[in-house]
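Dear colleague,

I am handing over a structure that will be new to you. My findings follow directly below it.

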Amino acid sequence: MQDATRDAVRVHGIEHSYGTTRALAGLSMRVARGEVFALVGPSGCGKTTLLELISGLARPDAGEIEAELAVLMPQRDLLLPWLAAIDNAALALRLAGTPRALARERAHALFGELGLAGFEQAMPHELSGGMRQRVAFLRTLLAGRPVLCLDEPFGALDAITRAEAQRWLENVLLKRPRTVVLVTHDVEEAVLLADRVAVMCARPGRVIEELPVTLPRPRSRTEPGLVALRERALVALAKGMDGSGPGFEGGARRQAGGGS
Amino acid sequence: MSALRRVLPPLVLVLVLLLAWELYADTRSGYAVLLPPVHEIAAALASNASLIASDLATTARVVALGLGVALVLGVASAVAIHFSRLARDAAYPLLVGSQAIPVAVLAPLLVFWWGFGVLPKLFVIVLICFFPIVVTTVDALAAVDADQLKLMRTLGASRWQAFRFAEWPAALPGALSGARIAVAVAVIGAVIAEISTPGTSSGLGHEIQLDLSFATAQATARAWAATSVLFAFALACFYAFGLAQRRLAPWTARARGAYV
């Protein structure tokens, strides 16, 4: 039994529809303070909608959401092309009224930590995809909210850059613990980064299985415990897709191509 | 090398056209009242240089003033229309319809109201320039990525901050494109204003009208000389705005490899 006072996010019986499409049906979940909670599920299972609800960008049709202040990191980096990397990272500080010099100073401290030292003045188009994502993450982190909602943050990166990104995310979170709700279509990413993985099914979206991940950090994607958990999650995913796919391997591959 | 490659094609094209003009006009006797050969136009330009220069100064002044007023009013209206559905619904039909008002109908009334000074001409230019500026700016503001605005919201931006940090810079290139279109029509607008406003005593449009009324070969050559100056002036204005666009919104010029 979880202690309710330690929850950073509590969602109960959420219903949400777009027109006649039911995106979420009776979804409930809890995320403890400081926990990294991953949501995996097929395209269109309402993962993005759920993050928008948690971060207060939309209101549910029914149900209750209690959450500490949350900030959303969208799938696309959405860096402002007219601002240098450091000003993009410091955007939330500027919006909160911090003077430019001070905002830059605070962002600067984190640039080194994420391997971005020397790129403070670079314009977004001069950065690689992986670097842009790092700047976008810094922007999210510097918003200073206790809860981070990450919507497939590495979905658009190639495999090598993604592995690198997962490593820096893990490191940053070890140093600066936050409550994280991570939406991903990559089951391996979920078990690698999360304390708990929730598997969702689609149309309407709801959680069908929760897997605690108790492996010590840092984790390796090849360690047997992690591989076993990944398989369990994939089986749950395949079940969630009505078992209509050609086994979970095929289901997983369809996943990886899909996005949400 | 690249500068030469840019300048050479239009230069060659203009020279070829001028050569064709010269040959065509020079071989037809009795045509001079209608279409003087190029060398006679050049001679007229040289011998009337100071007259045409002072006409240009008059026209350039009213174009600059009109364009400035149209820019301020146009951008302000576009922002109002962007923020207020009511403003859009109320003003748009009027805006479009205003483009169909023949200046010749309006000009005597304006002179009756405001006298023979610069004001009636200014009004005509503003009327003509206003439309392209408003339409391009409104469209540019509306084209801002919805995800970008969602991001601004999650980072804690107020409506005004979202405008200042995201929408306005994103719309600036569009507004400047409108200004470039406006600059070209402003020149012809000034000529129309000078021709149709009673009591006009200087300006390139006035000069052309006067010369054509003489119906002599010499006067026609002078009218064409004034026209060639108008041509060059419009071109210079257009490129000046292109340069301003690159200065004010460098990120677009780079992204598109824009020509001007």
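Two strands are said to pair if DSSP finds at least two bridges between them. Helices (H or I, at least four residues) and strands (E, at least two) are DSSP runs, numbered from the N terminus. This is a predicted model, in which local features need pLDDT of at least 70 and side-chain atom pairs count only at pLDDT 80 or more, while totals for chains, interfaces and linings use all residues. Residues are numbered from 1 along each chain as its sequence is written, and chains are lettered from A and ligands numbered from 1 in the order in which they are written.

In chain A, three strands form an open antiparallel sheet in the order β2-β1-β4. Because β2 (21–32) and β4 (62–67) of chain A are at the edges with a single partner strand each, one side of each has no neighbour in the sheet. Nine bridges join strand β1 (residues 7–18) of chain A to β2(A) in the antiparallel sense. Within β2(A), Leu27(A) is the residue opposite Ile14(A).

In chain B, the axes of helix α8 (residues 159–196) and helix α9 (residues 204–214) come within 7 Å and cross at roughly 55 degrees. Axes are lines fitted to C-alpha atoms, for helices over the stretch in contact, and angles run from 0 to 180 degrees between N-to-C directions. The helices α8(B) and α9(B) are therefore oblique to each other (angles under 35 degrees count as roughly parallel, over 145 as roughly antiparallel, 65 to 115 as roughly perpendicular and the rest as oblique).

Kind regards
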